[in-house]
Amino acid sequence: MTNKKSQSRNVFAGSTKLLLCCFFIAAVIIPLIRMLFNLKDADVAGILSSGATVTALINSLAVSLTATIIAIIIAAIAAYCITRCDIKLRGLFSICILLPMLIPSISHGMGYIILFGSNGRLSKLLGLTSGLYGFWGIVIGSVMYAFPVAYLMISDILKYEDSTPYEAAAVLGIPKLRRFTAITFPYMRKPMISVIFATFTMIVTDYGVPLMVGGMYKTLPVIIYEEVIGRQDFAKGSVLGVVLLIPAVAAFLADIFCKGDKRGGAVSRPFTPKKGVLKTIFSHLYLLMISVCVVYPIVSFAELTFSKYYPNDMSFTTAHIESTMRKGAGEYLVNSLIIAFSVAVIGVVISFMCAYLTARVPGRGTSFLHLMSIISLAIPGIVLGLSYVLTFKGTPIYKTLIILIIANTIHFFSSPYLMIYNSMAKLNPNLESVGQTLGIGRFRLIKDVVIPQTKSTLAEMFSYFFVNSMMTISAVAFLAVGDTKPVALLIPQFEALMLLESSAFVSLIILAVNLLMKAFIYMLKHMASKRARVN
């Protein structure tokens, strides 16, 4: 009887792995292969050697390298101030720093236009007649878009660093410079490589900010967007999409290479924030400056939305909101909510199943399923969207909400999967063996043990899928049609029509929805933690 149960467990696990692998092959591998096959219809050499492509590639590299360096420096200092310095309002500063993660990248470009455009408030204040567009416009917008992610990653690295070696070095009288080269640098080296590649990839594959503030300074993602959306030239888009895959794949490989050096779990002695007058003053001033730079563009969205004629006539009005709603913003918001909620539910279920099978059920197909689960880290959204157009055009799911849900699920799958995979890897390795010995079924074990132990992670996964699906524009821009358009795609549409007030209002809607989701998840986790302490 026990052998039959064991065999049925193995058959179910094996068949589920096979089903999930088939899903990833259909949703990831085949679209990418289809895009590669599309290269046969293109003059690859001519496209790659053309002046426009070479210029766009050089522009992308120049902008991305500059913005990456600036973003990481800003993020590293902010992370150090938050984790290592004795400051007040730590939670408030953290929330302010992370706010840019709750709105689309294109909104950062629009906020930049509001402040530094030809008629921007700060442009007038600084006496700028033409506004800051082109190279520096993209750099500043990209930094605002990417540095919160770098901050999160660096904070996580610093959070798990052990203070014991530093205390021993201080007792031995080792100079601070030597402590940095002998302790800090070896600890930070590999994780920081991953941070650098991840930040660079975010910037180099984004077209939201360059589309808004680039002007005639074209980057590669903008060229792809214009060729596919504007000219319907899928062959040229495929060639440039493959080029755009290169930095993303490099980041993916760097992340895998550095994975072994990433710290997790408890440390023997965490750092205690050190007190110091100068350090405390600097930390507060720096974090305040960062918070103002982050919050002010968002405040300008509200000013633009509720002002009669920003910035010349600041009298209150709701006319822009009424106009935006008449243009269908409410219907598109419903589309976004349906997509985001569906992606969150489906994404959590599939990623949980994948993580359980790869982390808790070793056997044939485990490594392949794990690779399939993290491979979307190497695929920019703009490339994924283009590959889906080439693969699913003419099928029943094309031009429906279903294809948008599938695309977003794949696009954002890897990070939540790794969250739950790491959580499951920390559970007792003998859990399944004990359950099998006691005759406890796998589903009951998952329901009564695994899910309760990982519910906090599951809540974060749901939030991640939902928030990112609400604000993404990269993949869905190629797949959405009039009836299925998410509300985020109204931002570039309104901006092209010079309706910045409507674009600002849509950005505020997305921010409000995502803040509500974050608050809801926080309340759930707080209530669960409170119940756990009572029990």
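**Close-up views of a predicted model**

At 1% relative accessibility, Cys-85 counts as buried (buried means under 20% relative accessible area, exposed over 50%, partly exposed in between, with a 1.4 Å probe and protein chains only). The model is predicted: local features need pLDDT of at least 70, side-chain atom pairs count only at pLDDT 80 or more, and totals for chains, interfaces and linings use all residues. Residues are numbered from 1 along each chain as its sequence is written, and side-chain values use heavy atoms, with hydrogens and water left out.

**View A. Cysteines without a disulfide.** The structure holds zero disulfides, a disulfide being a pair of cysteine sulfur atoms within 2.5 Å. For Cys-85 the closest cysteine sulfur is that of Cys-81, at 4.8 Å, which is too far for a bond. For Cys-96 the closest is in Cys-293, 12 Å away, also too far for a bond. Cys-96 is buried, at 12% relative accessibility.

**View B. The largest nonpolar core around Leu-287.** A nonpolar core is a set of buried Ala, Val, Leu, Ile, Met, Phe, Trp, Tyr and Cys residues joined through side-chain atoms within 4.5 Å. The largest one has 159 residues, and Phe-147, Leu-287 and Tyr-388 have the most contacts inside it. Helix H15 (residues 329-360) gives the most to this core, with 14 residues; helices (H or I, at least four residues) and strands (E, at least two) are DSSP runs, numbered from the N terminus. Beyond its neighbours within four places in sequence, Leu-287 is in contact with Ala-78, Cys-81, Ile-82, Ile-87, Phe-93 and Ile-97, where contact means heavy atoms within 4.5 Å.

**View C. Aromatic pairs.** Rings of Phe, Tyr and Trp (its six-membered ring) pair if their centres lie within 6.5 Å; planes under 30 degrees apart count as stacked, over 60 as edge-to-face and the rest as tilted. By this rule there are eleven aromatic pairs. Phe-282 and Tyr-286 are stacked, at 5.8 Å centre to centre with 20° between the planes. The two are four residues apart in helix H13 (residues 277-306), so about one helical turn separates them. Phe-282 is partly exposed, with a relative accessible area of 45%, whereas Tyr-286 is buried at 9%. The ring centres of Phe-341 and Phe-462 are 6.0 Å apart and the planes lie at 75°, so this pair is edge-to-face. Because Phe-341 lies in helix H15 and Phe-462 in helix H21 (residues 442-471), the pair ties together parts 121 residues apart in sequence. Phe-341 is partly exposed, with a relative accessible area of 49%, and Phe-462 is buried at 18%.

View D. Helix H19 (residues 414-425) has twelve residues; at 1.5 Å a residue it should span 16 Å, and its end C-alpha atoms are 16 Å apart, which agrees. The expected span is 1.5 Å times one less than the number of residues. Buried residues in H19 are Ser-414, Pro-416, Tyr-417, Leu-418, Ile-420, Ser-423 and Met-424. Their cover includes H15, helix H16 (366-374) and H21. Ring pairs link Phe-23, Phe-24, Phe-413, Tyr-417 and Tyr-421 into a cluster.

**View E. The loop at Ala-42.** Ala-42 is in the loop between helix H1 (2-37) and helix H2 (44-49). Its relative accessible area is 17%, so Ala-42 is buried. Not counting residues up to four places away in sequence, Ala-42 touches Ile-47, Ala-235 and Val-239. Ala-42 and Phe-234 are 192 residues apart in sequence and 8.9 Å apart in space, C-alpha to C-alpha.
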